[in-house]
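Hi everyone, thanks for coming along.

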Amino acid sequence: MSEETKEEQVSEPEVKEEPVTEVAEVSETDGAAALTQSPHKGFLAKVDNYFGITKSGSKYRTEIVAGLTTFMAMVYILMVNAGMFKLVIGGSDPYGASYIATAIGAIVGTLLMAFLAKMPLAQASGMGVNAFIVYTLCLGGTGLTYANCMVFTLLDGVIFLLLTATGLRQKIFHAIPAGVRHAIPVGIGLFIAFIGLQNAGIVVNNDSTLVSFISFNVLGGGDFVTLDGKGMMPALVALLGVIAIAILSKKNVKGAILWGILGSAVLYYILAGIGYAAGSKGCELIFNSIDIKNPFDAFAAWGKDSAGVVFYEGFDFSKYFGMEGHNAGTLVVLLITTALSLCMIDMFDTIGTLYGACAKGNLLDEKGVPIRMNRMLLSDAIATCTGAVAGTSTVTTFVEASAGVAAGGKTGFTALVVAACFFVAMFLSPIAQLIPSAATATALIWVGVLMMTSVVKVDWEDAGEAIVAFLTFITMVLGYSISHGIGIGIIAFILVKLCTGKIKEISIATWIIGVLFLATFLLT
């Protein structure tokens, strides 16, 4: 248990007396103390009273700074998500289309946090789910198209709406074995980091070992930059970028990931310029490929290739049925297990993030549960549905939002500031497109570092839980599939309990989930 966690537990009695838990309920006519009255007049007073800024003990300046801090911490998702989905969207400007779709998902989700939940948190396309959709579903040989995957995402959102409305979300969460729950963030983190290492060319293909570390042997004639953008230079930039993010984070610099990406991009072009002067064809291609487009071209590409594609192309599974062994039965099983995987990934990510972020700002009720929990979960579900229609992966609450909470954000006005920043960023896609994959890879690798913290939650002294957790995350990474990792982990849990005489510890829900995943392995 970390020192931070201990401190939170020790201070829990004080949380019960936090006035912020009553922000939305304090009456303005009950003779409340002067500190609960807005010091502003006119429109500012109305906004203050609506969000409860003064009543929560906050100020406009504090909320604005918190919003800017959160935006700086999570704006990298626009570039990273666009870099992923440009591989599967198609069209004349897939990067621009994905960039706009990602921004719209973030804006809608964060506005829901501002006005529906009135919480200082922000949403965007979640890391892990985007990798699952792009690399496992679209590029993993399943036969599913980008549009098909948006159907799965929409289904995920609808299921979340139903689960939130009926209160079943928490029950399903507890039906997943502890070893699997703890291993999922670790596996996703390693999976994302592996993708980042590949994108930067740090990990390369090798016929004998399948993967290997890039050679930096300058005397051996290695390529400074290859024609496909890989080589020693991009790999070096990514490695230095990750270290820079770690140093900035260690020094508590706000927006460390963003500064790491931007710094890596600057270093990338400096080194590319040196290589160009030295006659490198790869570096020459880097500069020749730069094309500054009209920012509205991205909106046009989004409207053509992403917006609403879930409805007019999403239900066309002809490509899937065109693959050998695929039929209606295998599609149904794939549909159920994929939706289940999406739900579990998003569920663990959202619930964990809400508890963690709210604990940092004393935004918990007397039971230690985040205030307005159902409204936040509802915001998450609605945003996911909206994101699917816009053409992006599951929209979820970002753990980086805790940076804004730590900066003093207490109300939905913080979220409103974040949404406004994302709106402005929508028109900067040409600049964002200049960020090389070697720079965005630094964020992917660093996210992997952050998600590794859950590994300590596994009881490694318990052989049963240890093997379940290990198989879960090792399958995700080496099997290149998040859903397969979850499935293997749950099946392993059932087998361990069966063979150790603890069948009563297997819930009905766990049995059902395990059977569905087993059917997936056997039939698809």
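Let's begin with Ser98, which is buried, at a relative accessible area of 1%. Please keep in mind that we are looking at a predicted model.

Where does Ser98 sit? You'll find Ser98 in helix α6, which covers residues 94-117. And which residues does Ser98 touch, leaving aside those up to four places away in sequence? They are Asn81, Ala82, Phe85 and Ile89.

Now let's step back to the whole chain. The protein has 25 helices and four strands. Of its 524 residues, 53% count as buried. If we take contacts between residues at least 6 apart in sequence, 76% of them join residues at least 24 apart.

On to empty space. Rolling a probe the size of a water molecule over the atoms shows where such space is left. I've picked the second largest pocket, which holds about 810 Å³. Its lining is made up of 32 residues, and those nearest the centre are Lys86, Gln433, Ile435, Pro436 and Ser437. By class, the lining has 18 nonpolar residues, along with nine polar and five charged ones.

Which helices each supply at least two residues of that lining? They are α5 (76-85), α12 (256-277), α13 (281-288) and α22 (437-451).

Key. Residues are numbered from 1 along each chain as its sequence is written. This is a predicted model: local features need pLDDT of at least 70, side-chain atom pairs count only at pLDDT 80 or more; totals for chains, interfaces and linings use all residues. Side-chain values use heavy atoms; hydrogens and water are left out. Buried means under 20% relative accessible area, exposed over 50%, partly exposed in between (1.4 Å probe, protein chains only). Contact means heavy atoms within 4.5 Å. On a 1 Å grid over the protein atoms alone, a cavity is a set of points where a 1.4 Å probe fits but cannot get out, and a pocket is an open set with protein on both sides within 12 Å along at least five of seven lines; lining residues have an atom within 4 Å of a point. Grid points are joined across faces, edges and corners, and a volume is the space filled by probe spheres set on the points. Ala, Val, Leu, Ile, Met, Phe, Trp, Tyr, Cys and Pro count as nonpolar, Asp, Glu, Lys and Arg as charged, and the others, Gly among them, as polar.
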